[in-house]
Every structure is written in C-alpha cells, then in structure tokens.
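Here is a friendly walk through one protein chain, written for reading beside the structure. Keep the viewer open and follow along as each part comes up.

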Amino acid sequence: MRMKRALIVLSVLAGLATGSAQGLPRDVRLNIVTAVVQVIPYDVDAGTTVGWSGSGTIISPSGYILTNYHVVGDLRIRRYYDWHAILITDPAFTDQPPEFMFWARYVAGDPTHDLAVLKIVEWFDEEPVSPDLEFPYVLVGDSNQLIPGDNITIVGYPGISGSTITFTAGLMSGWVGEDFESGGKQWIKTDAKIAHGNSGGGAFDENGYLIGVPTAGRTIQYEELDVEEQAYVRPISLAWALLGPHVPDVARAPLGGTTAGGNAGGANAASNAGGNAGGNAGGQATPPVGNTPAASCDFCMVGPVPLGGSVSGRISGAGEQAINYHTYTVNVPAGTASLTIELAADFDVDFAVKFGSDIQNWGDNGDWQYRDITEANGGRYTINQPSAGVWYIDVIYAYPSGVANYSLSAR
C-alpha cells in the first residue's frame, strides 16, 4: 500500500527554498548542501503527504537525521508521523529543487525542546538501503562555545522564494532562556533569516560544524514604526539527551578542529539515486592527538589516551537537562597482559569503560562493561588480558553546574 507514497511525493514537489552564505569555504558548503535535506511527513492513514515540509540535517554516516518535532508531527498534541520523504540537493545542480531519494522513519523525539530524530531506511521506491551505505553528513559541534558576534550560517528549505536549498548568514546575537525573555542558554538568538521551511535544518558555526537547529521566529510590534524581528536556534547542547541514546554513530567535531567536512563515502548514497553526488567536501577532521590534550568541551569525543600515558581535562555542568561527558579511546595491542584505567579529579567525576564502540547508556542496564558512579573524585579499574583493539572511556560529570579538573591515564 505504501508504494503509492512515491507518486504522491513526486506530485507535490512542484508546489513545495535560494540564497548565498559568506565565510564558509566552498568545499564545506558543498558538503552541507548534500547533508541538509528536505523532510516531508507522510500520513499513512490518509495515504498522502501532509500539507507542510521542513528541513533536517544528516548527522551520521548511517543516515540519522536531526530535525524539529514540529516538522515530523503535531507538537501541540505530541503526535508524530512514522514515515517521511527525504529530498536531497545534487551539489552539481543547486539551482534545481531537491530530488526525492529516500524514506526515513521516526526514531525518537523530545517535544519539550522541539527536537526529533529520523533514520533513513529505504530508497524512494521502498527498497531497503544497504547496511553499509554511507550517507553524506556534517560534524556536530559545541554550541556552548559560541559567544555573541560569532558568525552563523542557516541552511534549509524555507520555501518562501522557490524550492531550492537556501543559505542565509548572520551573527550569533546572544543567548536567551526558554521564555525568550530571561537569561539562560535555551535559545541562540541570531539575525540570520529563518522562515517556516527552515525549521529542523542546520545552523553552522564558522568552521561549518552543526551547532543548532533553526526552530522559531518572533515579530513584535511595539509601536507603529518600532518592529523587532528575531530568529531563534535551538542549541545542539540541548539535543544530546536525545542523540546520545538513539544515534550510535553521531559524527562529533574534534576539539580544536579548524575545518568541518563531510564523509568520503557520502557520494555513494547520492550518486546511486539518479546522479546526486555528495562527495567528500573537505574531509572529516581528526581528533587531536598527543600526550596531554586539555579537554574543556561539552558532549564530545576528545581523542586518544596514549597507552602508558595520560591526558588532562576540564569538564563542567551542562544544566538541568543533560549530563556532560568526554569520550576517550585507548588502542590496546594484542598480547597486553593488563589495562589499568585511572581517573583522578578535584571533584566528583564518574567514568565508564567499554570495548569496541561508544557507550550509549550509563544506566544500570546500560551497555558499559565497567563504570564507577561513586561519590569519589575519580576511580581505578584494571582489566586482565584485555581484548586487542579500541577501548572507549567516558568521563562523566553529573552535576548541573560547577567545574571539575581531571587526569585520565591508561597503563
């Protein structure tokens, strides 16, 4: 029955955003073009697409998309649509509307912060995508590092001036609380233009890292000639409570990186569907290496801990809505007799350890192999005859405020 979705979507494309952005390198912009997609929900009960479209951003090589909840459903009654048509722009034809290429399914949502995650699972003809297909994606940055005056680029499909992808540029105007009035870091204010179809798309910093989701706009008329227009971006820091448990391969930007990029394999997903070639637009930056990188980021992959050495870091509270963490890796060669991981800090900091992949859940039934969540300032764990390969270590800070300095060693 869902086969007719393809015909329905193709029939509405003509009725369903153009501009330019300054500052980002050309190759970074080309990668963003392939990774920021148009999202059109499909109503299974009605057998047709809904009467609106929005935007989304691919944030992982396996095809997970971050968008707004109000793009994928009705925020007022907290009802979402299961299926969504995904349209992608060919970077060789940015003057043309995006092509209907995939179907994505709803994965999880956070109606409180108006955020949702989808995953691409089918081609437009409902054939399943191959598990090894690598999609174009962007790197997820750290919104907490923004300060007023930083450059921001907004990308999406607003639909107010045509049907092509649109870049607008502006400044990070400041922070504001949830009520749009009080202090806080619940919203990023920007003077970059945001229209309805931009919702769910990408807000990028000067490196091309995704630092937020364009979500809202307000127009307030105080007097006849005194009108204030302000656009708002939901900072990416508030999305991690949603992304952490549901997106196993989030493409996180490195600490201290200078250029954003896409994936080398992203062209495959696009070129296999009628000529869209995402390609490698800049290359994925690598984490910093060395014996003592000083981490002070939020929700980030920091880099490796050299076996036999240590790293230092500084981790802070991330507010009431999230637990902050730093992720490290240790490469253990075959034949290693034991691996001792030790964390020392000047405040109560926890850690968890796992072999082979990122830890997705620190709870009692989580996927960790060892964790220390005592009230001690750190901890120590020894693994006898550890498996050869990459071990992952999460340094965890579970307080809403404050700062802890720590040292992490692997021997």
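The chain has 25 strands and five helices. Please keep in mind that this is a predicted model. Of its 411 residues, 54% count as buried.

**Strand β20 and its partners**

Now move along to strand β20, residues 338–345. Strand β20 runs antiparallel to strand β23 (residues 378–384), and seven bridges join the two. To find this pairing on screen, look for T340, which stands opposite T382 in β23. Strand β20 also pairs with strand β25 (residues 403–410), again in the antiparallel sense, over five bridges. Here the residues to look for are L343 and, opposite it in β25, L408. As a general point, side chains in a regular strand alternate between the two faces of the sheet.

**A proline in a loop**

P128 sits in the loop between β9 (115–123) and β10. Is P128 buried or exposed? With a relative accessible area of 57%, P128 is exposed, because the cut-off for that class is over 50%. Leaving aside residues up to four places away in sequence, P128 touches V121, E122 and W123. P128 and F102 are 26 residues apart in sequence, and their C-alpha atoms are 9.5 Å apart in space.

**Salt bridges**

How many salt bridges does the count come to? The count is six, and the table shows three of these pairs.

| Pair | N to O distance | Relative accessible area |
|---|---|---|
| D82 and R105 | 2.2 Å | D82 24%, R105 35% |
| R234 and E178 | 2.9 Å | R234 2%, E178 37% |
| D358 and R252 | 3.2 Å | D358 19%, R252 13% |

Let us take the pairs in turn. D82 forms a salt bridge with R105, with 2.2 Å between the closest N and O atoms. D82 lies in the loop between β6 (79–80) and β7, while R105 belongs to strand β8 (residues 99–110), so the pair ties together parts that are 23 residues apart in sequence. D82 is partly exposed, and R105 is partly exposed too.

The side chains of R234 and E178 also meet in a salt bridge. This pair links distant parts of the chain, with R234 in strand β15 (residues 226–235) and E178 in the loop between β11 and β12 (187–190), 56 residues apart. R234 counts as buried at 2% relative accessibility, whereas E178 counts as partly exposed at 37%.

The last pair in the table is the salt bridge between the side chains of D358 and R252. Distant parts of the chain are linked here as well: D358 is in the loop between β21 (350–355) and β22 (370–372), R252 is in the loop between α4 (240–246) and α5 (266–271), and the two are 106 residues apart. Why does D358 count as buried? Its relative accessible area is 19%, and buried means under 20%. R252 is buried as well, with a relative accessible area of 13%.

Terms used. Residues numbered from 1 in each chain as written. Predicted model: local features only at pLDDT ≥ 70, side-chain atom pairs only at ≥ 80, totals over all residues. Heavy atoms only, no water. Helix = DSSP H or I, 4+ residues; strand = E, 2+ residues; numbered from the N terminus. Buried < 20%, exposed > 50% of the residue type's maximum accessible area, 1.4 Å probe, protein only. Pairing = 2+ DSSP bridges. Contact = heavy atoms within 4.5 Å. Salt bridge = Lys/Arg side-chain N within 4 Å of Asp/Glu carboxyl O.
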